[in-house]
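Visitor: I'm new to this structure. Could you show me how to read a few of its features?

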Amino acid sequence: MKLLEERIVADGEVKADGVLKVGSFLNHQLDTALLDEMGAEWARLFADKPINKILTIEASGIGIACIAARHFNNAPVVFAKKAKSINLTGDQYMTKVQSFTHGKVFDVIVEKR
């Protein structure tokens, strides 16, 4: 997506450890117009697929997923939690993900239902 590439070049910052910092428009502060354009592009790219949910990870992905969901007939947004919670019950999917910004590995969990 050209618009995202241009924004990364203009406002992204590569940190010394190789992490791309996009906090001014994608996670710490959200450019909702940009996210809306991204959602429209994803909807175009996946137009022939039966999208019934959008899965992301807490916390940075939630805002992006919510705006993108509007372009997928308001599909529900499901986010994986980074920690066990008393609200997570029943069967669950769990995997490990590495956070480059936090420098550690998290278990992420989603209820199967």
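Visitor: At what angle do helix α1 and helix α2 pack, and how far apart are their axes?

Guide: First, some ground rules: this is a predicted model, where local features need pLDDT of at least 70, side-chain atom pairs count only at pLDDT 80 or more, and totals for chains, interfaces and linings use all residues. Residues are numbered from 1 along each chain as its sequence is written, and side-chain values use heavy atoms, with hydrogens and water left out.

Guide: In general, two packed helices are described by the angle between their axes and the distance between the axes. Here α1 (residues 2-11) and α2 (residues 32-45) pack at about 145°, with axes 9 Å apart. The contact (heavy atoms within 4.5 Å) involves Leu3, Leu4 and Arg7 from α1, and Leu34, Glu37 and Met38 from α2. Sorted by class, that makes 4 nonpolar, no polar and 2 charged residues.

Visitor: Is Lys96 buried or exposed?

Guide: The labels come from relative accessible area: buried is under 20%, exposed is over 50%, and partly exposed is in between, using a 1.4 Å probe and protein chains only. Lys96 counts as exposed because its relative accessibility is 58%. You'll find Lys96 in strand β5 (residues 92-99).

Visitor: Which residues is Lys96 in contact with, leaving aside its neighbours within four places in sequence?

Guide: Those are Val105, Phe106 and Asp107. With Asp107, Lys96 also makes a side-chain to side-chain polar contact at 2.7 Å. For that term, think of a pair of N or O atoms within 3.5 Å; within protein, one must be able to donate a hydrogen and the other to accept it, and residues adjacent in sequence count only if both atoms are side-chain atoms.

Visitor: What is the volume of the largest pocket?

Guide: A pocket is an open set of points on a 1 Å grid where a 1.4 Å probe fits, with protein on both sides within 12 Å along at least five of seven lines; lining residues have an atom within 4 Å of a point. The largest pocket has a volume of about 610 Å³. It has 22 lining residues, and Asn27, Ser60, Ser99, Thr101 and His102 are the closest to its centre. Strand β5 gives the largest share of that lining, 3 residues. By class, the lining has 8 nonpolar, 10 polar and 4 charged residues.

Visitor: How many residues line the second largest pocket?

Guide: There are 15, with Val78, Phe79, Val110, Glu111 and Arg113 nearest its centre. Its volume is about 370 Å³, and its lining has 9 nonpolar, 1 polar and 5 charged residues.

Note on methods: Axes fitted to C-alpha atoms, helices over the stretch in contact; angles between N-to-C directions. Helix = DSSP H or I, 4+ residues; strand = E, 2+ residues; numbered from the N terminus. Nonpolar A, V, L, I, M, F, W, Y, C, P; charged D, E, K, R; others polar. Points joined across faces, edges and corners; volume = space filled by probe spheres on them.
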